[in-house]
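My notes follow in the order I took them.

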Amino acid sequence: MVDDEGLDIAIVGMAGRFPGAADVDEFWRRVLRGEPTVSTFTPEELAADGVPRAEYEHPDYVPVFGVLDDVDRFDAGFFGYTPRDARLLDPQQRVFLECAWHALESAGHLTRIGDELVGVYAGASLSTYLLRNLMTPNAASEYELFMANDKDSIATRVSYHLGLRGPAVAVQTACSSSLVAVHLASQALLAGECDVALAGAAHVRLPMRSGYRYEPGGIMARDGVCRPFDAQASGTVGGNGAAIVVLRRLADAVRDRDTIYAVVKGSAINNDGSSKVGYTAPSMDGQVAVIQMAQQAADVDPATIGYVETHGTGTALGDQIEFQALTRAFPREGKRALGSVKAVTGHLDVAAGVTGLIKASLAVHHGVIPPSPYFTAPHPDLAFDGSSFFVNTEPVNWSEPRRAAVSSFGIGGTNAHVILEQAPDAGRRPAERGEYLLPLSARTPGALAKAGDDLKEHLSFHDVPLADVAHTLQTTRRKFEHRLVVVGRDRDEAVARLALKSDVDTAVGDATDGTVAFLFPGQGSQHPDMARDLYRAEAVFRRHVDECAEALRPHLELDLRDVVYPRGDREQAEELLRQTWLTQPALFVVEYALARLWQSWGVRPSAMLGHSIGEYVAATLAGVFDLPDALAVVAARGRLMQSVPAGAMLSVPLPAAELADRLPHDVELAAANAPRLSVVAGPQPQIAALAEVLRGDGVKCRELRTSHAFHSSMMEPVTAEFAEYVSRFELRPPAVPVLSNVTGDWLDAADATDPKYWARQLREPVRFNECAERLVREPCAVLEVGPGTTLTTLMHQHPGALGRSVASLGGPKSDQTAGITVARALGQLWLAGVEVDWDLMWGAERPGHVALPGYPFERDRHWVDARHEDTPVEQVVQPEPERLSPLETIRRIWVELLGIADIGLDQDFFELGGHSLLGTKVVARIREALDVDLPASAMFTTPTIGGLAAAVEDLRADQPDELGDLLAEIKAMSPAQLREQLAETRRDENP
């Protein structure tokens, strides 16, 4: 049950294509200027579209109509149509299908259709494409033409292609169809039949560039201009277009922070019945009744309605009856403007009502009543004086409360009226971050480039919060194969990067299975102010750093934050961070807090690998250590390692095995980091001597800035003491897989819970290269969680790691903030196929949705040209039929029925866009052409040309050769037996 306060419906999205306007934004700009968008055609244009010369040269012919561009073009591949099927499909349904996609994008609900019931209420006009272009011999079967062009399928077609599971209802009440659809969709929402509803219609009349013949007393304008309620009005003008609104229950829209353009307070529909002069005539009583019903449903004072978007056709009878109905239904108090979108776009037939609704909704949303600049003076038959109505010729700023009414009346008498109100104040502050990640994707490289350009243009001319833009792109758009991400701190930076393609990351397809492995760097990557921007801006990161710093106070006898984020002498802090007893806790804290930040965004590790001290972060996150215990252990480890005699370490670009034979006494392998990169450790004099020898041999080695010879025998004096210290704490098997520095394999329960293992871990060489090789074999993304890019660089030395290894932070010399690098890393994970929980990233103060450019459909021409009356019919002489192989016969059938010229023998019929209905047609054609009893199931068991050809050959091989058997039997008979057999056959035929 729904209470009285829950009867409001929100308009949360809209899309359309109109004469002279490819989308709603352009349509609104034209409406605000009061600029008619209908076209006037030249004789050449009329002749080219098949208008007979005698017609367009008639003195009463008016060469005016509202043109809808590109109706012959369609992105067939996007919706899974073969070229042939696309050519058969009614252009009204093609246009409407694309608009439905854009409408759900506009509303922010395209990615949520799996969790919501989405209904479709839609109308279409009679398919003139079917009548004029497809009614030719051999165009297609009657059933195919019916399925592709019947008005009843417009709603169900959208539901099928977009995967919508709510009601799908075709609404056909002539000119009022689309506003009736809005009413029915609203009722379905209130009844709980759906959670979201699309309501609209499409109208495409062919030939596109053709006018009409004016008839005195008819409904069409003598001068080709629609002037509703004006003294010079002589009728209406037609136009083509499609429009859709997206509706939700207001409470749901407010809860989900949808953009609300207007609120439907109430609506009503009725029919005139027989109380009028004729079937096509309007009825004042019917119109008054429907308006008053809607006012009652809306439960608002009609005197507060400041604008009426009328049916307004400009016809003498229609305007007079509508104006009289308005004066009866509305009080004399107050002033309210009248307008009609038909003066701009022409009469869009079934799409007229929802187009007027979009105009009124935008007027309510923006607080401006659009002008009617055509208006000169009220029609003398209309009593404007003494009424509350006026027609404004300039835009009028609209004070609150902003309420509007919309009327649409259909031939046949079905009337609809809707009352709108401005949306409630959202009462929220725009969410803010320092950096904003903008992801885009498309099916093809060309569409992706166009999407980037469209977004750049939109941001250049629309003052919208970048947080809302980012959140809209992240949460409301489908993810396709070709992808792009850009990070910007404000609109100007985002526009600049999109324009220059600088710092724009791209990818094609998923490089991973969607899982992520965390990498934690070791000593040497530390520096003052590491991730300071995150500490300042990200509450989760800051909370974990603070927790760790407080827990470390008794172990370090200082506040680690004063060292990592110094307020004073940075050089002193840098010197302190070189001390192992502070380096290791500092790295642990930053890496642990950064990992927790990633996890708070829904990026959770499927495996982990740490380098030296980094293994402790991995073990803690995997549950081996409790956090307080891990901090104590790390502090003790750093203190003990600091206490041993000083040493040195050398990075050598050689494989570990090759380097081992060249090591002098007291110098040991400390780390095998990459296939051709190792680190050795030992006393400083021996390391210096080795470096000199290696350089003499042309090996470019590098001394590391360390105070000790880690992971060597010089750590031996503290291993026993460290093992004893670790034994004081409870250790558990890892709950998440962790790779071991000691073994180069997965850390097992026995090692993880053995204090001696952790003592060995500081003494024995780091086998990072072996661990990396194992990790690369996993189909996961690899995320370095810590300062610098050292481990990412090491991973890139393994084939297969490129494109899925990402660093969270830059180094101390990076010119990008930590916020930028983390946001860019998140984008790179998304590019690689990792699913990001964007709402978790934004937290409770997540932004809202804003209207952004829709998907850039790549339309190709899919059209059957009409044969004009004066086109001569060629007499075609049929050649002798070719004798073709079964393979070639089947290939030609596929080419004809799929409409694809180049088909490989092993390409799958259904992957090419075929469907079961077309498959049965293919089988029927093969059976007829090759005289073979091919079963219909063959299309599903062997859906390739080669497979079907093989099936045909097998069937032919199994068929008995009846003629051959008869000839063999005759040959075996003697002449007497043959005469006797013939005589017996004659007796049987003539008993």
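Helix H22 covers residues 580-600 and helix H23 residues 614-621; they pack at about 40°, with axes 9 Å apart. Helices (H or I, at least four residues) and strands (E, at least two) are DSSP runs, numbered from the N terminus. Axes are lines fitted to C-alpha atoms, for helices over the stretch in contact, and angles run from 0 to 180 degrees between N-to-C directions.

I noted what I was reading. This is a predicted model, where local features need pLDDT of at least 70 and side-chain atom pairs count only at pLDDT 80 or more, while totals for chains, interfaces and linings use all residues. Residues are numbered from 1 along each chain as its sequence is written, and side-chain values use heavy atoms, with hydrogens and water left out.

Next I checked confidence. pLDDT is the predictor's confidence in each residue, from 0 to 100. The chain averages 91, and 96% of the residues score at least 70. Over residues 873-877 the pLDDT is below 50, and beyond near neighbours in sequence this stretch has one contact in the model (heavy atoms within 4.5 Å).

Back to H22 and H23. Which hand does the crossing of H22 and H23 have? I found it right-handed; that term applies if the near helix is turned clockwise from the far one by less than a right angle, and left-handed if anticlockwise. From H22, Phe588, Glu591, Tyr592, Ala595, Arg596 and Gln599 meet Gly614, Tyr616, Val617, Thr620 and Leu621 of H23. I sorted the residues of this contact into six nonpolar, three polar and two charged. Here Ala, Val, Leu, Ile, Met, Phe, Trp, Tyr, Cys and Pro count as nonpolar, Asp, Glu, Lys and Arg as charged, and the others, Gly among them, as polar.

I followed H22 to helix H24 (residues 627-643). Their axes come within 7 Å and cross at roughly 150°. That makes H22 roughly antiparallel to H24. The crossing of H22 and H24 is right-handed. Among the residues in contact are Trp581, Phe588 and Tyr592 of H22 and Leu631, Val634 and Met641 of H24. The contact of H22 with H24 holds 11 nonpolar, four polar and two charged residues.

H23 also packs on helix H29 (residues 755-763), at about 150° with axes 11 Å apart. H23 and H29 are therefore roughly antiparallel. Glu615, Tyr616 and Ala619 of H23 meet Tyr757, Trp758 and Gln761 of H29.

E19 and E20 (residues 482-488) share seven bridges. Tyrosine 436 has glycine 488 of E20 as its bridge partner.

Another open sheet has 11 strands with mixed pairing. Strands E7 (168-170) and E15 (389-390) each have a single partner strand, so one side of each is left without a neighbour in the sheet.

Key
Two strands pair if DSSP finds at least two bridges between them. Angles under 35 degrees count as roughly parallel, over 145 as roughly antiparallel, 65 to 115 as roughly perpendicular and the rest as oblique.
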